[in-house]
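Please have a look at the structure on the screen, and then I'll walk you through it piece by piece.

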Amino acid sequence: MDYYVINGAELHAEEFVLADDHTAVAIDCTSAETALRIRREPALARSISRDEAAAAFGALPAHLPDRHPLPVAPLVLAEAEPLYRTLFAGRPSAMEALIAAWAMAPSDEPRVAGVARRGNAQWRLRDVGPGVAWAVDLTAPPQVAADLLPEIRATGRRFGLIPVTVERFS
């Protein structure tokens, strides 16, 4: 479960609902309206840990009452290893630290901040909307992606990004 402080005063909790192919199909959350709002205006929210949320707000939600469905339509590009795109709203709070956290190498590709490799997986940090959004494109077998996608979302949150969705292109 992910926790956000909204405007320094309100706690919002949410969790992605994933399909069998590891793509996001919905967001279970304390408020679907708030989930949409922080994706439109990422500066409103600050990601915090479970311990920080408990210390600041006391009892944490045991149940997430709202579900915000996300569009689901895998795009088939070719018979190749799947590409998973995690789309994030906002700008990284510390780009160099984020690149270091993923041990990324520089890239000559336009709008790609860096490329990381781990075993038979590779991911790129891509600027998809200058000043608005970033994406991490992960190419990996599904079983490897199942382990890396939660780590990618958690690391992005640690550096001020808000996960919007996970899509699959194959």
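This is a predicted model: local features need pLDDT of at least 70, side-chain atom pairs count only at pLDDT 80 or more; totals for chains, interfaces and linings use all residues.

Let's start with helix α1, where the buried residues are A32, T34, A35, I38 and R39. A quick word on terms: buried means under 20% relative accessible area, exposed means over 50%, and partly exposed is in between, using a 1.4 Å probe and protein chains only. Helices (H or I, at least four residues) and strands (E, at least two) are DSSP runs, numbered from the N terminus.

Residues are numbered from 1 along each chain as its sequence is written, and side-chain values use heavy atoms, with hydrogens and water left out.

Now, what does α1 lie across? It lies across β1 (2-6), β2, β3, β4 and β5, and it runs at about 90° to β2. For angles like this one, axes are lines fitted to C-alpha atoms, for helices over the stretch in contact, and the angles run from 0 to 180 degrees between N-to-C directions.

Those five strands form an open sheet, in the order β4-β1-β2-β3-β5, with antiparallel pairing. Two strands pair if DSSP finds at least two bridges between them. At the edges are β4 (45-48) and β5, each of which pairs on one side only. On average, neighbouring strands of this sheet are turned by 30° against each other, direction ignored.

β3 and β5 run antiparallel and are joined by four bridges; A26 has P69 as its bridge partner in β5. Strand β5 (residues 66-69) also holds H68. Is H68 buried or exposed? With a relative accessibility of 18%, H68 counts as buried. Not counting residues up to four places away in sequence, H68 touches A26, I27, A32 and L36, where contact means heavy atoms within 4.5 Å.

Next, salt bridges. Side chains of opposite charge can pair when their charged atoms come close. The cut-off here is a side-chain nitrogen of Lys or Arg within 4 Å of a carboxyl oxygen of Asp or Glu. How many salt bridges does the structure hold? There are eight. In one of them, the side chains of E14 and R39 meet at 2.4 Å, N to O. This pair links distant parts of the chain, with E14 in strand β2 (residues 10-18) and R39 in helix α1, 25 residues apart. E14 is buried, at a relative accessible area of 2%, and R39 is buried too, at 14%.

Another salt bridge joins E151 and R118, whose closest N and O atoms are 2.8 Å apart. Here E151 is in helix α4 and R118 in strand β7, 33 residues apart in the chain. E151 counts as partly exposed, at 31% relative accessibility, and R118 is partly exposed as well, at 41%.

Finally, the nonpolar cores. A nonpolar core is a set of buried Ala, Val, Leu, Ile, Met, Phe, Trp, Tyr and Cys residues joined through side-chain atoms within 4.5 Å. The largest has 28 residues, and W102, M104, W123, L125, V136, L138 and I152 touch the most other members. Which element gives the most to this core? That is α4, with four residues. Take L125 as an example: leaving aside neighbours within four places in sequence, its contacts include M95, L98, W102, M104 and V136. Apart from this core lies another, of eight residues, among them L11, A13, I48 and L60.
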